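Here is a short report on one protein model. Please look over the structure before reading on.

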Amino acid sequence: MPTILALDTSSEACSVALMLPTGECVEAFEMAAKSHTKRVLPMVHAMLTEHGVALSDLDAIAFSAGPGSFTGIRIGMGIVQGLAFASNIPVIPVCTLQAQALTTCEAAPEQSVLSALDARMGEVYYAVFQFDPSQSALAIQSPPAVSAPASVSLPAGFNRDQSIGVGQGFTVDTMAAYVSDFNATIGPRASAVAKLAVSAWGRGQTQDVMAVEPNYIRDTVTWKKRERIRT
């Protein structure tokens with residue numbers, strides 16, 4: 001089992017997790033709206049110190065690469081770049097929507113999980129996943145996308161009666177029509193990022209820190225337009 005440090009700063013929460021060689025995954029989680037920059041590095045330091053792990057002991061650093069908050073993703077990316085570059089550690093970007101869906105998929109492998117985040121501007125980020133027990137892996141049924149809730153495109157064979165919704169995207173009323181049930185309080189967490197990163201590490205899917213890219217889904221031109229509107 002690899003030793004992997006994982007970060008998630010893609011939403012209003014901030015979390016850090018450490019996958020230990022024993023297979024135990026430990027996590028620190030805080031609600032940290034607009035204070036990720038101040039909180040994430042102290043959380044990383046406390047996590048590594050508490051468990052006696054040095055940066056040089058890490059096999060990889062994983063992070064929630066998006067979609068999600070543009071600012072939060074950039075903060076997480078910057079922290080990971082600094083830590084990984086300093087110690088020449090490979091990086092594993094993990095889809096935020098996939099991390100958000102993981103626990104629900106594992107608990108209900110017979111059902112599809114529609115994972116959704118509020119993308120603002122009247123849109124949602126979304127993707128569909130299902131857990132494959134035979135592979136102990138999370139299968140992607142439709143890749144991450146962004147659209148108005150009424151225009152969500154679901155994969156062929158998607159059955160509303162055999163599906164669950166997770167994520168803040170379900171605070172948008174019309175999203176509930178796509179699924180049999182949903183939980184809008186479930187969000188991405190570093191512990192899920194770490195678990196998905198272990199699978200990626202086993203498949204050799206690590207990246208050089210200088211090559212890794214965030215997955216915004218929505219382009220930066222649209223984001224900058226949104227920022228101008230807000231200000």
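L58 is buried, with a relative accessibility of 7%. In this predicted model, L58 sits in the loop that runs between helix 1 (36-50) and strand 4. Burial here follows from the cut-off: a residue counts as buried under 20% relative accessible area.

Which residues does L58 touch, leaving aside those up to four places away in sequence? The list is T3, I4, L5, L18, L48, V53 and I89. L18 is one of these partners. L18 and L58 are 40 residues apart along the chain, and their C-alpha atoms are separated by 9.5 Å.

## A177: an exposed loop residue

A177 is also a loop residue, placed between strand 9 (163-166) and strand 10. Its relative accessible area is 53%, so A177 is exposed. The cut-off for that class is over 50%.

## Overall architecture

The secondary structure consists of 5 helices and 10 strands. The radius of gyration is 17 Å, close to the 17 Å given by the globule rule for 231 residues, so the protein is as compact as a globular protein of that length. Along the principal axes, the C-alpha atoms fill a box of roughly 50 × 50 × 30 Å.

Buried residues make up 48% of the 231 in the protein. Take the contacts with a separation of 6 or more: 63% of them come from residues 24 or more positions apart. The accessible surface is about 10800 Å². Carbon and sulfur atoms hold 52% of that surface.

## Charges and salt bridges

The protein carries 15 positive and 20 negative side chains. The centres of these two sets lie 12 Å apart. Side chains of opposite charge can pair when their charged atoms come close. How many salt bridges does a search of the whole structure find? The search returns 5. Three of them are described here, starting with R189 and E27.

In the R189–E27 bridge, the closest N and O atoms are 2.8 Å apart. R189 lies in the loop between strand 10 (181-183) and helix 4 (190-202), while E27 belongs to strand 3 (residues 25-31), so the bridge ties together parts that are 162 residues apart in sequence. R189 is partly exposed at 33% relative accessibility. E27 is partly exposed too, at 28%.

## Two further bridges

E123 pairs with R218, and the closest N and O atoms are 2.6 Å apart. Why does this pair tie together parts that are 95 residues apart in sequence? E123 is in strand 7 (residues 123-132) and R218 is in the loop between helix 4 and helix 5 (220-230), so the pair links those parts. The two ends fall into separate accessibility classes. E123 is partly exposed, with a relative accessible area of 25%. R218 is buried at 4% relative accessibility.

D118 forms a salt bridge with R120. The closest N and O atoms of that pair are 3.2 Å apart. D118 is partly exposed, at 22% relative accessibility. R120 is partly exposed as well, with a relative accessible area of 41%.

## Backbone features

Most residues other than glycine have a negative phi, and most peptide bonds are trans. Against that background, R120 has a positive phi of about 65° although it is not a glycine. R120 is found in strand 6 (residues 112-120).

M121 is another residue other than glycine with a positive phi, near 55°. M121 lies in the loop between strand 6 and strand 7. Is M121 buried or partly exposed? At 42% relative accessibility, M121 counts as partly exposed.

What is the state of the peptide bond from G66 to P67? The bond is cis, with omega near 5°. P67 is located in the loop between strand 4 (60-64) and helix 2 (70-87).

Terms used
Residues numbered from 1 in each chain as written. Predicted model: local features only at pLDDT ≥ 70, side-chain atom pairs only at ≥ 80, totals over all residues. Heavy atoms only, no water. Salt bridge = Lys/Arg side-chain N within 4 Å of Asp/Glu carboxyl O. Helix = DSSP H or I, 4+ residues; strand = E, 2+ residues; numbered from the N terminus. Buried < 20%, exposed > 50% of the residue type's maximum accessible area, 1.4 Å probe, protein only. Rg over C-alpha atoms; globule rule 2.2 N^0.38 Å. Contact = heavy atoms within 4.5 Å. Areas by Shrake-Rupley, 256 points an atom, 1.4 Å probe, with all protein chains shown as cover. Lys, Arg positive; Asp, Glu negative; His and termini not counted. Charge placed at Lys NZ, Arg CZ, Asp CG, Glu CD.
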